[in-house]
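Please brief me on this structure for a modelling set-up.

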Amino acid sequence: KKIADNAVELIAHKILLLPEQTQNALKLISCLGCHCEKFILTSMSTGDGLANFGCIDLFASIELNVKEGLVDRMGSDYRFAHDHIQQVAYSFIAESERGKMHLWIGNQVWTNKLLSSEKALFIAVGQLNKGSILIDETHERVRIARLNLQAAEKSKSLAAFVPAAFYLHAG
């Protein structure tokens with residue numbers, strides 16, 4: 001246990017030594033889990049909302065994380081070099097900010113769904129569900145419920161009944 005704690009402390013220290021924009025990129029992609037496809041990053045880079053999270057050039061910042069050994073590039077996709085790195089990066093996001101980030105990512109992915117429409121539905125819905133606690137407007141809650149229904153129907157058509165049930169419950 002002590003070795004694992006020391007490893008987490010070393011990871012945290014290494015992240016905190018990075019430039020702020022590079023840390024912010026790491027936080028953003030940590031919202032996606034351990035793996036991130038290029039189309040998601042492209043979706044996140046579209047528009048001007050990225051600057052609201054302290055990151056101007058997402059790809060350049062992620063490449064710096066690759067050079068630091070925190071993130072691996074696999075073809076055009078990225079993954080954290082270790083699960084602990086993703087967990088530490090996510091822990092640096094204030095809990096009050098996590099929902100906002102998830103909502104923003106979900107909306108960006110859905111807005112740019114033409115980049116990968118089938119995957120975009122599941123990624124967008126997953127992110128929107130993580131931030132849904134912050135949504136007060138009825139029309140927005142209805143929109144997310146409809147997206148959950150679409151994800152459930154798509155999951156059911158793929159014989160993925162457990163995820164389908166989850167989307168139906170969430171929506």
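**Packing around helix H4**

The buried residues of H4 pack against helix H2 (20–30), helix H3 (38–45), E2 and strand E3 (77–80). Contact here means heavy atoms within 4.5 Å. Buried means under 20% relative accessible area, exposed means over 50%, and partly exposed lies in between (1.4 Å probe, protein chains only). Helices (H or I, at least four residues) and strands (E, at least two) are DSSP runs, numbered from the N terminus.

This is a predicted model: local features need pLDDT of at least 70, side-chain atom pairs count only at pLDDT 80 or more, and totals for chains, interfaces and linings use all residues. Residues are numbered from 1 along each chain as its sequence is written, and side-chain values use heavy atoms, with hydrogens and water left out.

**The buried face of H4**

- Leu58, Ser61, Ile62 and Asn65 are the buried residues of H4.
- They sit on the same side of H4, because they cover an arc of only 100° around the axis. The arc is taken from the directions from the helix axis to the C-beta atoms.
- Just after H4, Gly69 adopts a positive phi of about 85°.

**Helix pairs**

Axes are lines fitted to C-alpha atoms, for helices over the stretch in contact, and angles run from 0 to 180 degrees between N-to-C directions. Angles under 35 degrees count as roughly parallel, over 145 as roughly antiparallel, 65 to 115 as roughly perpendicular and the rest as oblique.

- H2 and H4 pack with their axes 8 Å apart, at an angle of about 95°. The two helices are therefore roughly perpendicular to each other. On the H2 side, the contact is made by Gln21, Thr22, Ala25, Leu26, Leu28 and Ile29. On the H4 side, Leu58, Ser61, Ile62, Leu64 and Asn65 take part.
- H2 also packs with helix H5 (residues 83–91), at an angle of about 105° and with axes 8 Å apart. That makes H2 roughly perpendicular to H5. Leu26, Lys27 and Ser30 of H2 meet Gln86, Ala89 and Tyr90 of H5.
- H3 and H4 cross at roughly 135°, and their axes come within 10 Å. These two helices are therefore oblique to each other. From H3, Lys38, Leu41, Thr42, Met44 and Ser45 meet Leu58, Phe59 and Ile62 in H4.

**Burial of H2**

- H2 is mostly covered, with 9 of its 11 residues buried.
- The buried residues are Thr22, Gln23, Asn24, Ala25, Leu26, Lys27, Leu28, Ile29 and Ser30.

**Salt bridges**

A salt bridge is a side-chain nitrogen of Lys or Arg within 4 Å of a carboxyl oxygen of Asp or Glu. By this rule the count comes to 4 salt bridges. Among them are these pairs:

- Arg73 bridges to Glu63, with the closest N and O atoms 2.4 Å apart. The pair links distant parts of the chain, 10 residues apart: Arg73 is in strand E2 (residues 71–74) and Glu63 is in helix H4 (residues 58–67). Arg73 is partly exposed, at a relative accessible area of 45%. Glu63 is partly exposed too, at 22% relative accessibility.
- Lys100 and Glu97 join through their side chains at 3.1 Å, N to O. They lie 3 residues apart in helix H6 (residues 95–111), so about one helical turn separates them. Lys100 is partly exposed, with 42% relative accessible area. Glu97 counts as partly exposed, at 31%.
- Glu140 pairs with Arg143, the closest N and O atoms being 2.6 Å apart. Both lie in helix H8 (residues 138–157), 3 residues apart, about one turn of the helix. Glu140 is buried, with a relative accessible area of 16%. Arg143 counts as partly exposed, at 26% relative accessibility.

**Thr111 in H6**

- Thr111 is placed in helix H6. Thr111 counts as exposed, at 60% relative accessibility.
- The side chain of Thr111 reaches the backbone oxygen of Asn107 at 2.7 Å. For a polar contact, a pair of N or O atoms must be within 3.5 Å; within protein, one must be able to donate a hydrogen and the other to accept it, and residues adjacent in sequence count only if both atoms are side-chain atoms.
- Thr111 and Met44 are 67 residues apart in sequence, yet 9.8 Å apart in space, C-alpha to C-alpha.
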